[in-house]
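Me: Could you walk me through this structure in a friendly way? I am new to it.
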Amino acid sequence: MNLKTTYLGMELKSPLVASASPLMQDLDNIKKFEDVGAAAVVLHSLYEEEIRLERRALMHHLEHGTESYAEALSYFPEPQVLYAKTDAYLEHIRKAREAVGIPVIASLNGSSSGGWINFARQMQEAGASAIELNTYNVPTDPTQAGSEVEQLIVDIVEAVRDAVNIPIAVKLSPYFSNMANMAKRLDNVGANALVLFNRFYQPDINLETLEHEPNILLSTPYDMRLPLRWIGILFKQIDADLAATSGIHSAEDVIKMLMVGANVTMMTSAVLKHGINIFQIIEEGVTEWLEENDYESVEQMRGSMSQIHSMDASAFERAQYMRGLKTYVLPTS
Amino acid sequence: MKNVIFATLDGNEAVARVAYQVNEVIAIYPITPSSQMGEWADEWASHGKTNLWGTIPHVVEMQSEGGAAGAVHGSLQRGALTTTFTASQGLLLMIPNMYKIAGELTSAVFHVAARSVAAQALSIFGDHSDVMATRATGWGLLASASVQEAHDFALIATAASLKARVPIVHFFDGFRTSHEISKIALIPDDVIRAMIDDELVQAHRGRGLSPEHPVLRGTAQNPDVFFQARETVNPFYERMPEIIQSTMDQFAELTGRQYQVYEYYGAPDAERVIVAMASGCEAIHETVDALNEVGEKVGVVKVRMYRPFDMARFVAAFPESTRAIAVLDRTKEPGSAGEPLYVDTITAIFEEWTSHAMPIVVGGRYGLSSKEFTPAMIKAVFDNLSEDKPKNHFTVGINDDVTHTSLNFDPDYSIEPKSVVRALFYGLGSDGTVGANKNSIKIIGENTDNYAQGYFVYDSKKSGSMTVSHLRFGSKPIRSNYQIDKANFIACHQTVFLDKYDILRDVVQGGTFLLNSTAPVERVWDTLPQRYQEQIINKNLNFYVIDAYRVARESGMRSRINTVMQTCFFAISGILPREEAIAEIKKAIEKSYGKKGDDIVEMNLKVVDNCLEHLHQVDVPNEVTSTIKFLPPIAEHASDFVCDVLGAMVARQGDSLPVSALPIDGTYPTGTTQYEKRNLAQEIPVWDSDICIQCGKCAFVCPHAVIRIKAYEPEHTENAPDSFKSVPARDRDWQGLNYSIQVSPEDCTACGLCVDICPVKNKSQSNLKAINMMPQEPIREQESENWDFFLDIPELPRNMIKVSSIRQQQIQQPLFEFSGACAGCGETPYLKLLTQLFGDRTIIANATGCSSIYGGNLPTTPWSHNADGYGPAWSNSLFEDNAEFGLGMRVALDKQIEYARELVASLASDIGEQLANEIRDADQTQETGIHEQRERVNTLKERLNGLKSPQAKQLLSLADSLVKKSMWIVGGDGWAYDIGYGGLDHVLASGRNVNVLVMDTEVYSNTGGQASKATPRSAIAKFAAGGKPGGKKDLGMMMMTYGNIYVAQVAMGGKDEQTLRAFLEAEAYDGPSIIIAYSHCIAHGIHMPTALQNQKAAVDSGQWLLYRYNPDLADDGKNPLILDSRPPKLPVIEYLRMENRFRMLEMSNPDVAKQRFAEAQEDVDKRRSFYEYLANRPFSMNGTEEALEEVQD
């Protein structure tokens, strides 16, 4: 079966890509992903905040209390070299590229324009096959208009585009007034792919300590509905490739995403639940399904159920929602 | 001569650079002001820097200077080129080995940043009392006078010592030279190469001990030959002056810098000549020029080689015209015929003066403990020589109104040349002022033809401290090595100084004043005190203002205003063309911050760009409009001594205090920090009495004792201010009482530990607790009034307080308050607790270190007393001997108690049998018993007052010892683990009832964070720049092996109740005890407001074990070891990553970090299992077998 697909200008042996997660910090895991058939890996994210905070914390601690008292003008020896997280990350890209034959996509997570864009260039120099730019942003300033938030993201993508030659994928949240317009604008400034969608960390409350606590919930198959819809809508509407992420847990999920037009499908939660071997199982499942249903290749199927190729274009729109509600039956209790 | 390469650096670095090149082994130990030399050596070695022979010297940290000297001696005996760096008491500890090294004719150099030796007080500052104490050791003494000379003499000394086979102490003045930043010509490597003769190096090596050609050295000799053998070395000393001079000449040929062992400078026909050594020579040189220019005939003989003292060469240095000589000694030898250089000069003149009439020779003291030595004082010395009968044995620079030794001088006399730019900067330690100025000096020194000099004056407090930077720039080498008092430019970086100090006193007519103020330019004039307005108008100053905080904030720099102020300085001063200056600042920023990240660089660059548009020149009005006066330096209700003497020191006027104002024996009153309201906090904690559960934790952890608690009868609130908070006490034992928590707003440092530890959350607003930080200014007045009212509420009688529970115990009055320790200090809460529990009957022996500084550095002391006048009696002896010092006190006390009891018995019939018996049989294990005994002793004293027998008088002088005393020996890990360990071990082994508190910060905190044996594996510290490879010494375990020592390891932030219990048990134990207390520290690189979370993580990860070993339990047949730590619930790595000291290893050497962190986890696992084994072991006084049988039964 021909599972080949193209993504970010690269030919991949299948549409199964391991998405950004902390698992990627370990080179052995990356090798395992290759072994079980992942067509590409997206490295864990290098967070803009992390870069800044780490540097500022270091500066603060190296300077705190210095030059205040005659006997202790400083408290630490001056380090000759400092490998910041960024250095380690760049080193990791290099090592990952050496260790595996599949493309290694670096992931940069930021939400403001600033010096961190330079890291994109460094990622390219370190040998990243492409960069996935994660514009994770939760706007909380009530005076900031939605248009400003959108413009900022467009500006970042444009700035990174100017900084590097390698392909850029942009991982987005779905929270825009007009997702399609946003997608088009990013397409226009040179995004080579859109990765749909980002799942936001939502804080939980610990009732014992009355403190907010991070509590990452893994995706469920239900989460795939949102990317399913939007990939379906965007297919052929924009030039950029489309990557589906969130809620893909089975071969069926992959097939559905491909049918609405995804170039690739990305998985992490499924891996965290079932282990890295899930890639192999899903690949076998996809192959089996394609064979059973007489498909020749993934490419043949791709976009077959997208909005523009759909019998019922309203399936992706408001009318479908009304239909859904009308047919809903209350459970008997 | 080659092209000269200049560098701008301080004396310590200038010396270390050479010493590192020409040695193979370097033994180090930290002591101010020499520590940086060792730090450089360690850092360079860890970076792989090689010496002259292309190999990396071995740098080894020792446990004391005595140890360093021993290691140096050993290394020399094996023939390695070896050095060390030290000062003050450190050098004194080396003396025994120095005799040996010289006696064995060994080539070696010690580089000494000369510093005062502690007498009536310790001083970290410079004079020659340390090096003078070594002059009998047989070492050569070579004095350098400036940073350039120190750099040069480091090489000359080494080269000469190799030739002479006589070791040399190369010394330069502590701080004045060791810490002065100066532009100097570096010695090129090929010059070093040429100066060090490899044949001599090999000869030195050849004399090393080797089994291949075995010898015996270090024999014991008898009366028959010792004397003769001692005289064998004479030829070496006879040759040495010529060797040193010829080495100086060789150096001059190679570099163009010619030195003479005794160098005359001045008029060829001078009649009056000063003789001096080290940095003072520079100021004298400059003054000689100024005086000769106006027609006087004066000169100076600079003594470079003090030992051997070559009398003929020395005398030959004087012009024949010399009529009167003043010899200046920077030391004091009470009871001597005169100070050493003076006495040697007299001898030399007497023996060697051959021309016409012998000159008059007088001697005087100057500059002790870095006392300023200025042209005005030098002129006074020359003027004295003009007198018919010049004053001898004089002092200069002080007002001695007791024995009238001092020379008068005109403080307005100045010879500062107009061509030199002189700038003064007043900043806070935390705002980066000094760092920026050091940077400016380098920019000017390295980018222009100008010479540059920087000297920095720091505060006596560690938190909220003021810094004054003295910068000079000029086209000629700068010899003015004294502080600036005629500045062309003065910058005040903090408005808080305005109403405290008369900063503009030191600015010249037409000078410039730059102020950082948040006031808008049009209103800034109105914010100035009257005295400032007067001086700005009268001196016709150019007045500039900038809101540096705004610029910093808008550029993302928060409160770091250093770059802003630096840019303004360059923009206004015109030392460099503005554009060029800005370009250079930017280059410097990229150099300094480059490796710390682009974003840090960018923030700083942004500051530079944003700066100038906010810099404004103020239109100075013609009239003084302000009515603002200076604040009194000290609360006016304090005693006269506190106001007049300590107050002068607080106001930075201590130099003007006459001799008569000061205590004769270094004895000072306690409880004086309360009068020095420092107002450091922009925010202070405010108590929410409605939701408070009255647990007492906020007060328990408060490092500055500014959070106080009282429980009291409700009637005391009758005249309370309206805003005073008082609620019913929740504790069942205190039913009917009221309860208040009060903060002292003007003593708080805003460290925030109290808020972090508070366990209560506001039910409506979860970001609020029962104590919250609020802006200080709006509530300062009100809370000060509340504080005063609170202090007047009577303390609850101590017998009504259950000391074993923190919630009650915390109402005990602390007798350690408002120290100058760093904000959020991890040590001081333990000391405060100690004083709450036992302070009214405690004697404290305090090892030198942070605690002796925040506890005993003038002007004021946090050690306090209660309303009855009882409180801790405190003393500091040395760093190395504190345990012995405390033991001495204990032994004295024991003898006094014993003798007093004997006297009570023998005087029983006179004082009353019942009283005598009650006193002798008193149970003083509880507060009640102690209180009753104090009453009895008071009665006893009354009765004794009526008796006239000698025995009664004896007993009267000893009666107070009958009240139980608590002897505490306190210090840091540097003392307990390293330098004082031998003594500590002996003292604890003595079985005497002493209590030891080790405040373990895991580094030498006071000297800037050098590694000690308490430093944990993988921590980066000074002297462990590559991360400490070895594990932490388990001091507690070592002490437990004695079996009769109470040992506890505690961490206040880990388990506070356990800490309290350990203090109570240690004190109650009738024998030696030691508490090892985890003390977080800024040297850990942690976020100080949440430092207790680090303590908790240290405990939760098992990195820091909590336990108590109580020998009393063994007496009861129980296992004496109680492991208070629960099994670890946090991987060690998570704790390590909370602290910069460990994280830096990950960032600088990830591979090593990975390995060491894994080893750190292994350490923890092994230690835990070993302690668990011991704590769970069946125990019986009759042996293990029987215990096992009991368990089996």
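Reply: Helices (H or I, at least four residues) and strands (E, at least two) are DSSP runs, numbered from the N terminus. This is a predicted model, where local features need pLDDT of at least 70, side-chain atom pairs count only at pLDDT 80 or more, and totals for chains, interfaces and linings use all residues. Residues are numbered from 1 along each chain as its sequence is written, and chains are lettered from A and ligands numbered from 1 in the order in which they are written.

Me: Is B:Ile600 buried or exposed?
Reply: B:Ile600 sits in helix H20 (residues 598-611) of chain B. A residue is buried if 20 or more other C-beta atoms, placed from the backbone, lie within 10 Å of its own, exposed if 12 or fewer, and partly exposed in between. B:Ile600 has 22 such atoms within 10 Å, so the word for B:Ile600 is buried.

Me: Which residues of chain A does B:Ile600 touch?
Reply: Two residues are in contact if their C-beta atoms, placed from the backbone, lie within 7 Å. Leaving out residues up to four places away in sequence, B:Ile600 touches B:Tyr593 and, from chain A, A:Arg55 and A:Met59.

Me: How many residues of chain A are in contact with chain B?
Reply: On the side of chain B, 39 residues take part. Elements giving two or more residues to that side include H20. Those 39 residues of chain B meet, in chain A, a total of 31 residues.

Me: Which residues of helix H4 of chain A are buried?
Reply: Helix H4 covers residues 117-125 of chain A. What covers its buried residues includes helix H3 (85-99) and helix H5 (146-163) of chain A. The buried residues of H4 are A:Phe119, A:Ala120 and A:Met123.
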